Amino acid sequence: MKVRELMTGSAVSVHEDEPVVAAARLMKARNIGSIPVCGDDGQLTGILTDRDIVVRCVAPGADPGAVKIAAVMTPGTVTVTPADEV
């Protein structure tokens, strides 16, 4: 089975310089638990999960409106292409 058979074609992403609260609101609106993060060049730089937000931002008492996504995201994501085997 190919990745293209299971993937979602309408993914959204956020920029690493946006505040965490913006990503959290988008994730709530889309009912998703993670979101790809891109840099200035549009390339993937990491992924932000609801757990990243809780453990690295909210639990330590940081302000999600002031903290940038880059500070709490998980960097170094692994990617696949639509033609790859699952």
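Which residue in strand 3 stands opposite Val37? It is Gly46, and that pair is a handy way into the fold. The structure is a predicted model, in which local features need pLDDT of at least 70 and side-chain atom pairs count only at pLDDT 80 or more, while totals for chains, interfaces and linings use all residues. Residues are numbered from 1 along each chain as its sequence is written, and side-chain values use heavy atoms, with hydrogens and water left out.

On the overall layout, the protein has three helices and four strands, arranged along the sequence as β-α-β-β-α-α-β. Helices here are DSSP runs of H or I with at least four residues, strands are runs of E with at least two, and both are numbered from the N terminus. The C-alpha trace spans about 45 × 25 × 20 Å along its principal axes. Of the 86 residues, 23% are buried; that word stands for under 20% relative accessible area, with exposed being over 50% and partly exposed in between (1.4 Å probe, protein chains only). Taking contacts (heavy atoms within 4.5 Å) with a separation of 6 or more, 54% are between residues 24 or more positions apart.

Back to the strands. Strands count as paired if DSSP finds at least two bridges between them. Strand 2 pairs with strand 3 (residues 44-49) through five bridges in the antiparallel sense, and the hairpin they form has five residues between the strands. In that hairpin Gly42 has a positive phi, near 80°. Strand 2 also runs parallel to strand 1 (residues 14-15), joined by two bridges, and here Val37 of strand 2 has Val14 opposite.

Val14 and Val37 turn up again in the largest nonpolar core, where they are among the residues with the most contacts inside it, along with Val20, Ile35, Leu48, Ile69 and Val72. This core has 14 residues; a nonpolar core is a set of buried Ala, Val, Leu, Ile, Met, Phe, Trp, Tyr and Cys residues joined through side-chain atoms within 4.5 Å. At least two core residues come from each of helix 1 (20-30), strand 2 (34-38), helix 2 (50-58) and helix 3 (69-72), and helix 1 gives the most, with three. Leaving aside residues up to four places away in sequence, Val72 touches Val20, Leu48, Asp52, Arg56, Cys57 and Val67.

Helix 1 and helix 2 also pack against each other, at an angle of about 145° and with axes 10 Å apart. The axes are lines fitted to C-alpha atoms over the stretch in contact, and the angle, between N-to-C directions, can run from 0 to 180 degrees. From helix 1, Val20, Ala24 and Met27 meet Asp50, Ile53 and Cys57 of helix 2. Sorted by class, that contact has five nonpolar residues, no polar ones and one charged. For that tally, Ala, Val, Leu, Ile, Met, Phe, Trp, Tyr, Cys and Pro are nonpolar, Asp, Glu, Lys and Arg are charged, and the others, Gly among them, are polar.

Two exposed residues round out the picture. Arg51, in helix 2, has a relative accessible area of 58%. Arg51 lies 29 residues from Ala22 in sequence and 15 Å away in space, C-alpha to C-alpha. Asn31 sits in the loop between helix 1 and strand 2, with a relative accessible area of 72%. Most residues other than glycine have a negative phi, but Asn31 has a positive one, near 55°.
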